[in-house]
Amino acid sequence: MQATDTSSIQRLISRARRRIRRQWALEGATTALILASALALAVVFAMRTDMVSMTAGVGALFGCAGLVLIGAVIGAARKLDDELVARRIDRASGLSDRLSTAIAFKRTLGGEQPAAPDAAAETEDLMVAAIKDGVRAVPRADIVAAAPYAMPRDLRAAALFTVISALAAGLIIRRPDHTPKLFKASPDHARPGEIAIIEGENLLEGLAVAEARDAGKFVPADGGVWLGAPPAYVSGAAQGGWAGSGARAMTVLDWNRSGITIRVPDDAPIGDNVLYVQIGEDRYGPVEFTVVDLKDTRYHKEDSVLLDPDERAYVERILEQLRIVAKRDNVPELADFADKIEKMLKEAEEGKITKEQLLDALKKAEEALAAHAEPNQAEIDKQMNEMGKELAKDPTTKALGEALQKKDLQKAREELEKLANRLDPEEMKQEIEKLEKQLENKQLSDKEKREIQKKLDELKQQLEQMKKEQEALEKAEKDLKEQIKDLEKQLQDKNLTEKQKQELQKKLDELKQQLEQAQQKKDEQQKKQNELDDQKQELQKQLENKQLSEQEKQELQKKLDDLKQQKPMTEQEKQQLQKQLEKVSQQMQKQQQDQQQKTEQQQQKLQDEIKRLQKKQQEAKTEKEKLDAERQLQKKKDELQKLDKDQQDKDDSAQRQALKRLQRDMEKAAENLEKGQKQDQNKDERDEEQKERDKQASRNLKDAARETGRVDRDQRKQAAQKKMSSQMDDLREAMRRAKQKGNKGPQDPFGKNGKNKDFAQRARGQKGSGQAWKPGQGQPGGQGKGQGQGQQPGQGGGQGGDSWGTEHDDNLTGDATGKTGKTKDDDLQGTQGGKGTSRRETILSAAQKGFSSTSYQKVYADYEKIVEEVMRNEKMPSSYKYYVKRYFAKIHPSTGDVETSPQDAP
């Protein structure tokens, strides 16, 4: 092969390629500069407006510069063939494709491109000749002309973008101020427990958890609100705040950009103060804020109810009587009622409720107390008595039967529990351990109290949830009963076809089945609720943690001794118990069915009578006959409505529902006690099964005991309500007479508040102020709508108005009875108790020194009983009774301990 060295051509092509790539790099960089300028401008604006941080912005600017470099690299990296470069040199230098032909032939001879199969030797010589010719033409090549450097096509656009971007970036942009600012508190005053909002802006800036800014309720860990000026921030202090000062931490409920919702703590100091906000280690404020007294009537609602000291003492006396009866008769519902009223009084004292709301809340509390009352107690007593007679026939259940006959349901419950314990020795052992633990009577530690309180709170929540579920079940049961009643009426239609009757009957049977299931579910729910209620009372007793009295210890010891003496039931006793429980269960079921049947017969009789009278009314010939029939028809409808209401009251009665559950518990206990083992079981298996059935029967009797306790509790509640009916009326009358803040006219025209204060001081045995009782110490008299005016006595003679006043003042009284002549006090000594003083002397002493003496307490109790008896038997207007009872409440022995203060005038 002939020499074909083309290195000189290759060097020429390399030089040209480098120039071409430099030009392309410049073009790419120029084009990329346009995009980089636009992006850099956006980054600068973002930095100026604080949309991105300084560090992120500088990084983005370096990225924009890198974008230009990337454009240059991409532009220079395009593919560039040797033959293409050679052709550009040929055209620029006028070499008639010598260089490009030499490169092409070199590739063919070098094997880069396959030669034609029929190529002759002379063709190869021609190629070599052409290559040599191209090499000889190298000196005439013009590289500069072939690859000239020129201005990039996008240079003007890039320059324009760069200049505009630079000018825009240099513009002065007002940066928003993100410093947290506080404006005011809205409202600027609040009472302990109330909510206020601190208004401001940028209140999330500087918080560590800023990403949660709009995610619902947000309370930052590194922020807080303080009442009072804190001196210095202490890292790691309580709530991460200022320690060592009188500043009081406020409860933060929500924190967002424009406001902080806070609740004033119950122990916040009363008076004018300031609020400070802590964000991280920075402090912002102050904001003026006033914590007002709950009893300050200036901040009460305009229509809020006001109770003067006399009325408050009177109501508290009534509540005290309710609590005494509740504790004595063991009626927790009555104590709960008193607590509800006490809570309402506190809200009234704090100006939170109106008079209408107070009366409405009282009405609801009374309705809740009287809910599910038994309309015919005699029927229940008769049923319990007959059950007791049956149970008293057998020695095993004799004590239980006698307790039921004597209406001693507490004793009956204890006897049922004894029977249950004897059926299950393990349960008896646990009961003994429980009583022994109570007898220890040790003081609970704070930790134990907290644990008991936690359990108690959980139980209360469960009870609340169960009450709601119970109400839903009662509503569903009531709806099912109404549907069944409607279907039974439809079935009485004589025009129905047999097919329609069958369909209605099928639907009726389904509804009755649903009703039965609903009743079972309600009973199970009620049992669970009763168990939780017993646990709640037990925990409350434990939480009281008081030392047992000697009498209580003796009672517990007696109960413990009785339990230890009890022996497990023999098989014969179990059989006798099973028979008695079965008899009593059947007896109770029959009584319930007889009562239901009797009511249904009365209803059917009235319905038939109504149909007859309706027909008579339609067939009446004269107007008189029609009116008579209409009058009789309305009378029968009223009787039917009353009968339906009585039946509904009986169905809702807590005692009857408890008796139904009691009957089912006894029935289940009898079933579990009945021998029914399988013949193919061995002795051990039979014994184990019977043991389990005895345990289940024991649980059934425990449930029966609990239901007996429910009947007893409801009877005691109704008896207590009957006893306290007079106090209930007094309470309602006191609430009705309560005033409202918005009432016009003078608030204290006769200095009544000053007299009340003086009376309270004297009642505590302190020295009073005689000025409070002098004439002319009251405020100016009232002004009627007719512009008539006057002044109190002792203020001089004022000019009267030209018309009479029309306002009424409840405080108007007559002149005080004058005391004339000489008087002599007789010192009458009592004849009993040695050297005791007379009642008169005791009362005079109490009037001078206060009502706290023991002798006065005895005298007061005697007189109070007499007055109550007189007011019950004598005909006396209710308004008189109200003032008499208020007077006795005012001179009650506890008056000396009751703080009374005059109401603030608005």
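Tutor: Two helices count as roughly antiparallel when the angle between their N-to-C directions is over 145 degrees. Keep that cut-off in mind; the model here is a predicted one.

Student: At what angle do helix α18 and helix α19 pack, and how far apart are their axes?

Tutor: Helix α18 (residues 571-619) packs against helix α19 (residues 623-652) at about 160 degrees, and the axes are 9 Å apart. The pair is therefore roughly antiparallel. Their crossing is left-handed.

Student: Which residues make the contact?

Tutor: On the α18 side they include Q596, T599, Q603, L606, I610 and L613. On the α19 side, A629, L633, K636, L640 and L643 are among them. By residue class, the contact divides into seven nonpolar, nine polar and eight charged.

Student: What should I look for in a nonpolar core?

Tutor: In soluble globular proteins, nonpolar side chains tend to be buried together. In this model the largest nonpolar core has 31 residues, and L322, L334, F337, I341 and L731 have the most contacts inside it.

Student: Which elements give two or more residues to this core?

Tutor: They are α8 (309-328), α9 (332-349), α10 (355-369), α22 (725-737) and α26 (878-890). Take L334 as a case: leaving aside residues up to four places away in sequence, L334 touches L322, V325, A326, L369, A720, M724 and M728.

Student: How do I read a cis peptide bond, and where is P187 found?

Tutor: Look at omega. The bond joining S186 and P187 is cis, with omega about -5 degrees. P187 sits in the loop between β1 (181-186) and β2 (189-190). Another cis bond joins G285 and P286, where omega is about 5 degrees. P286 belongs to strand β9 (residues 282-291).

Student: What is phi of K407, and is K407 buried or exposed?

Tutor: Phi of K407 is near 65 degrees, again positive in a residue other than glycine. K407 lies in the loop between α12 (398-405) and α13 (409-423). Exposed means over 50% relative accessible area; K407, at 54%, therefore counts as exposed.

Notes
Residues are numbered from 1 along each chain as its sequence is written. This is a predicted model: local features need pLDDT of at least 70, side-chain atom pairs count only at pLDDT 80 or more; totals for chains, interfaces and linings use all residues. Side-chain values use heavy atoms; hydrogens and water are left out. A nonpolar core is a set of buried Ala, Val, Leu, Ile, Met, Phe, Trp, Tyr and Cys residues joined through side-chain atoms within 4.5 Å. Buried means under 20% relative accessible area, exposed over 50%, partly exposed in between (1.4 Å probe, protein chains only). Helices (H or I, at least four residues) and strands (E, at least two) are DSSP runs, numbered from the N terminus. Contact means heavy atoms within 4.5 Å. Axes are lines fitted to C-alpha atoms, for helices over the stretch in contact, and angles run from 0 to 180 degrees between N-to-C directions. Angles under 35 degrees count as roughly parallel, over 145 as roughly antiparallel, 65 to 115 as roughly perpendicular and the rest as oblique. A crossing is left-handed if the near helix is turned anticlockwise from the far one by less than a right angle, and right-handed if clockwise. Ala, Val, Leu, Ile, Met, Phe, Trp, Tyr, Cys and Pro count as nonpolar, Asp, Glu, Lys and Arg as charged, and the others, Gly among them, as polar.
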